[in-house]
Each structure stands twice: as structure tokens, then as C-alpha cells.
Amino acid sequence: MATNDTRRASGSIPEDPEDLLPEESVLSLDEYLAMHAAVGHRTRYEILYRLVHSGDMSPKELEEAMEVDDSTLHYHLNKLVDVGLVEKRQRTDRGQDGLYTYYRATVFGEVTLTEGVDELIRGEQEFEAMYDSSDEE
């Protein structure tokens, strides 16, 4: 997992977590925390997982892949869109009338998933060894 060294010249970490943000930060600390809170729900995590690893998907494709009803799916998609992890796009396809709606993960969505939850899951064996109390004397 890639990490930035947030220590100051004195070697300490900032007292206020808000000071972790760059001076010209694109998002506030609350917005970053909202992203992590949103992906903490199983359905939203699975939606984001599918969009990151499978690419753009229509609501119908997500419904079928996840076996979830339309209203539940749209509720969770809207939450992901609201916090900036997913974006809703529309386009017209050749030979079709009207707009085709699909969703895709944003850069924030990809990083939150792959460098956040997925990385924690991949690191489980490492964490288990770190917290195994049977090695302590």
C-alpha cells in the first residue's frame, strides 16, 4: 500500500488530522471521510468493486450481476455518486432512440477501493501475523 510520509521536519505527525491535507486540497477531510463511510456498506462496496474491476456498467447490468432490485440499486448508486466515488454518464448508442445511462468509477473510487478496502483484505495474512498473540511470551 502506497503511503505518503505525513511527518513534519521534527518527525512528528500533525496534531490536527486536517493538517494532513495538502494546502490546495481538492477535497476537504469531511469529503474524504464521507467516501470511506460510503464504501463501508456491503452493497455500495460491491457496486464500486464491479465498476472498478469490470468497467462501465448500466443499471440493468448491475442489477443482474448483483441480484438486487432496482430501487435498492439506485439508492446505493446515488450515495456513491453524491460522495464522488462513481459518476453517472449518458450517451446515445447507434440505432437506439434516447439516452443510454451507465455508471463508472471515478479516480477517487478506484483509489478508495484498490488502496483502501481491497488492500486491507489482501493484507489479512500480514495483519494476522502482526496481531497473533500466541507468539508473545
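A nonpolar core here is a set of buried Ala, Val, Leu, Ile, Met, Phe, Trp, Tyr and Cys residues joined through side-chain atoms within 4.5 Å, where buried means under 20% relative accessible area with a 1.4 Å probe, protein chains only. A word on the source: this is a predicted model, with local features needing pLDDT of at least 70, side-chain atom pairs counting only at pLDDT 80 or more, and totals for chains, interfaces and linings using all residues. Residues are numbered from 1 along each chain as its sequence is written, and side-chain values use heavy atoms, leaving out hydrogens and water.

Now the core. The largest one has 21 residues. Ile-47, Leu-48, Leu-51, Leu-62, Leu-73, Leu-85 and Val-86 touch the most other members. Which helix gives the most to this core? Helix 2, with 5 residues. Helices are DSSP runs of H or I, at least four residues, numbered from the N terminus.

Next, helix 2 against helix 4. Their axes, lines fitted to C-alpha atoms over the stretch in contact, come within 10 Å and cross at roughly 75°. That makes the two roughly perpendicular, a label for angles of 65 to 115 degrees. Contact means heavy atoms within 4.5 Å.

Last, helix 2 (residues 42-54) and helix 5 (residues 107-122). They pack at about 110°, axes 10 Å apart. They are therefore roughly perpendicular to each other. On the helix 2 side, the contact uses Tyr-45, Leu-48, Tyr-49, Val-52 and His-53.

Terms used. Axes fitted to C-alpha atoms, helices over the stretch in contact; angles between N-to-C directions. Parallel < 35°, antiparallel > 145°, perpendicular 65-115°, else oblique. Buried < 20%, exposed > 50% of the residue type's maximum accessible area, 1.4 Å probe, protein only.
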